[in-house]
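Reader: I'm new to this one and would like a close look at a single part of it. Could you pick a spot and walk me through what surrounds it?

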Amino acid sequence: MFSLLLLLQGCASSIYNLPEPEPSMPPPLPEATPSLPQAEPPLSTQKQVAAPSKAVVALLAKADNARHSGQLELAAANLERAVRIAPKDPLPWQRLAQLRLEQGDARQAETLANKSNSLAAGSHGIIRRNWQIIAEARRLEGDTQGALRAERKLRELDL
Amino acid sequence: MAKSSQPRLRAPKRSKSKRRAGKRRNIKRKSPRRWGRLAFAIIILGVSAAIIYAAFLDVEIRRQFEGKRWALPARVFARPLELYADQELTAQALEQELRLLRYRKSERTAATGTYSRHGQRITINSRGFMFWDGEEPAQGMRVDFSDGRVSGVRDSSDGSELGLVRLEPVPIANIYPTHKEDRILVQLDQVPQLLIYALMSVEDRRFYDHNGLDFTGLARAMLANLKARRAVQGGSTLTQQLVKNFFLSNERTLRRKVNEAIMALLLEWHYSKDEILQAYINEIYLGQDGQRAIHGFALASQFYFERGLNELQTEQIALLVALVKGPSYYEPRRHPQRAKQRRDLVLDLMEKNKFIGPVEAAQAKASALSVTRAAPSGTTPFPAFVQLVRQQLARDYQEEDLRSEGLVIFTSLDPLTQVKAERAMKKRLQDLERQRGLAQDELQAAVVISGVDTGEVLALIGGRDPQYAGFNRALEAQRPVGSLIKPVVYLTALNNPRDYTLATLLDDEPLTLAAASDQPWSPENYDHEYHGQVMLRDALVYSYNVSTARLGLAVGLEGIIANLQRMGLTRPVEPYPSLLLGAVDLSPFEVSQLYQSIAASGYRVPLSAIRAVVDSEGRPLQRYPLKLEKAVDPASVYLVTAAMHEVTRQGTARSLQYDLPQQLKVAGKTGTTNELRDSWFAGFSDEHLMVVWVGRDNNQPSGLTGSSGALRVWADIMRSIPTRSLNMEMPDNVEWQLIDPLTGLLADDYCAGAQWLPFVKGSQPVEQAPCTHDLGGTVNKTLKWFKGLFN
């Protein structure tokens, strides 16, 4: 087998430009070294959405002002600043989704609302609003079926 | 020929002369008038010529003065540091940022550009800055820290809370005009009055009174120079000097003098004194830095003192004015003696003209030159990152516009992260070389660090000498990625939860594929062993090649390539089986783009280095908005990330268990290629994604695996930057189950070595592992009893 490996390395072509196998450790063998079952999942399974920080709230307010005065890209700039400060806060993502929807960019609106949802576990109000945005975005795209599905999701949420 | 043509010529001449003869008599009689007319005609002609010439000069002057006057370099800035309560930032880091911004540490002053530090409190007098989204005012603020966080940002005068403050961004590069003239433009109202007084005292006392030329001034200057027996004052007005700098060469001819005078008069006729003065202040040549010419007082102030015009002391103002006469002869760093003499002369003249008092003059004359020891470099300290910026700018801007339009480019570079990464990388490469008996400077490295959710590039290292603007390995080196490709293979499999879960058992048994050409393909594991049946997750965690190849072949190369493209790979990839083990050449930057989609839970964000571009007037030209694309299913990404987290707990990157703080969870993957030529690690926390490559430029083996090379660099950098522990949001359709790794079946607390694994809901195994029935297993029972004891 070793000679085959040498052979392979010797005639490394573009196809067989073989990466060296990875250094690896054998998995711990349960029979030989009995160990306790893992106590809990190594990654957290639930998360509470923290209240937005004062800095984020200030930026959302700035963005609102800009939006009301018709400066939509300035509003977006402020929301992105909020995203950079608190990338795991679902609220700035949602506001960005809302803004893109108002600008007629339905695809970005839906993606951003989904992103917001992926961070919003347990925040009923935020999730609800995101599905509204998704429904509106789909309608704007002409995807009536998709919009109906989103609205069904909304009703399920309200139950 | 002359003869033959004579008759024809003569006849008309004769007839004409006849008529003229009569007239001539008349003319003779009126000869004074005739001369008068001739003179008049000549004068008319002369004046017309003069007018035409002057008009020509006039057009030239106005074109130059009103149109774009200067080719201005583009200025590239780092991200501004935001300050707000609860932010993860140490006092030390803030102080470092202030040093990068050339703030002066000073106790008793409220001057802008100064700060003071008392333990965990830093008081800052910021300079303010015009951003693309509005102005950040200059502000006195007090920043308090505790436990590595900002505990408050307050107004330093009344103690009121400031919600969010942005410091100015650190300038990181200039893109110079081809003629290498550099300047910073200022408005007249940004120029300290004292500088204007000093300038007038020395160069043109009657500036506000003359009309471009000043004969009294000339006479006085000559007298003064005679008295002093050397040239202490110039006779040219500021207007003439400006004209000379603006339009004319250095030749000393009468024609030039005349041109200069006419143009000076025209300039004064068209424009106000203030406009002329402002142009002068921006135009004047005040120094040289290699090929770069330093023009204008604002840049000179940075060049000699590393501070803004409005932050200058009296003696510093006097020195800048002293330099007007001869920036090279009086160069203060090379000829401090001459420079000081000339500066003191300027101070004398300022005092004589009553612009400063005798005490102030004496104090100023007693002070040292206070120029910074070395001129701030005109070349960027971060050439690798700037190359990325230029690459991305080239999509939207012409090279010439970048060099001349004075664009202001706001980027995402985090200089604190960049500097820490450079330091850690250098140190680790030296250590690796020493430990492994490699020659010094043998190893090379590339690092790309980006924000997980925003895709912003925060730091980029193109080689072990980051200041060297040469081969940028982060962008240009294309190396086989080895096992870094594996997460994409597993992601593609897990996208189909009915067929594959993390608990699916894979065959890690010999595999030989016949290929159309060449030899048959027989992948091997690193330990040259086969591991029988292994859980899918463990095949990734321990980076088994054979089971991965089998899995990839079963899933299909096309699907894997489609995912690579969805995740942001733009180059074409051939569907060869060796792709499954990473026989594809990518740059560290391309690898970052792939991993970005994983780190950001399946949302692809194009890696970007630019936030916005504004023109020289501060008007926004372009923003680079955040754009997301859903690239892969978030549930599959969650499962793969759980496995990649396990890589860092018990797999090929388990050294992170002691190389990183215990509470800092991360996920990642090692990569090693042929004969240990390339050592890779790509991984992320909640906030930062980092890809590291270590190897040799000549593509010879370095003796380093992904774990022993790149991972060490990665850990050193990750440890040195403030970052949040991995905390992935679990998608709704995912749940965790306790699994027996031997069988891949459901386990319970009686199963030794059982592991928690996430599943897409409905895809988890339904069958119980034998260990769950093993009620008589005394070992497990005892273990359970112990566990109860400690819980």
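**A close look at Ala599(B) and beyond**

Author: Let's start with contacts: setting aside neighbours within four places in sequence, Ala599(B) touches Val452(B) and Phe684(B). Keep in mind that this is a predicted model. Ala599(B) sits in helix H21 of chain B, and with a relative accessible area of 6% it is buried.

Now zoom out to the helix itself. H21 of chain B covers residues 588-599, twelve of them, and from first C-alpha to last it reaches 16 Å, close to the 16 Å expected at 1.5 Å a residue. And how enclosed is it? Twelve of the twelve residues of H21(B) are buried, so the rest of the structure largely encloses it. Among those buried residues are Pro588(B), Phe589(B), Leu594(B), Tyr595(B) and Ile598(B), but also Glu590(B), Gln593(B) and Gln596(B). After the helix comes Ser601(B), and its phi is positive, near 55 degrees.

While we're in chain B, have a look at the aromatic rings. Over all chains there are 15 aromatic pairs. In one of them, the ring centres of Phe129(B) and Phe131(B) are 4.9 Å apart with planes at 55 degrees, so that pair counts as tilted. Phe131(B) also pairs with Trp132(B): here the centres are 6.1 Å apart and the planes at 80 degrees, so this one is edge-to-face. Phe129(B) and Phe131(B) are both buried, Phe131(B) with a relative accessible area of 1%, and Trp132(B), at 10%, counts as buried too. Ring pairs tie Phe77(B), Phe129(B), Phe131(B), Trp132(B) and Phe410(B) together into a cluster.

One last stop is the disulfide, and the structure holds one over all chains. It joins Cys751(B) to Cys771(B), S to S 2.0 Å. The two cysteines are 20 residues apart and link distant parts of the chain: Cys751(B) is in the loop between strands E30 and E31 of chain B, and Cys771(B) in the loop between E31 and helix H25. The link is right-handed, with 90 degrees about the S-S bond. Cys751(B) is buried at 0% relative accessible area, and Cys771(B) counts as buried at 15%.

Conventions. Residues are numbered from 1 along each chain as its sequence is written. Chains are lettered from A and ligands numbered from 1 in the order in which they are written. This is a predicted model: local features need pLDDT of at least 70, side-chain atom pairs count only at pLDDT 80 or more; totals for chains, interfaces and linings use all residues. Side-chain values use heavy atoms; hydrogens and water are left out. Helices (H or I, at least four residues) and strands (E, at least two) are DSSP runs, numbered from the N terminus. The expected span of a helix is 1.5 Å times one less than its number of residues. Buried means under 20% relative accessible area, exposed over 50%, partly exposed in between (1.4 Å probe, protein chains only). A disulfide is a pair of cysteine sulfur atoms within 2.5 Å. Contact means heavy atoms within 4.5 Å. Rings of Phe, Tyr and Trp (its six-membered ring) pair if their centres lie within 6.5 Å; planes under 30 degrees apart count as stacked, over 60 as edge-to-face and the rest as tilted.
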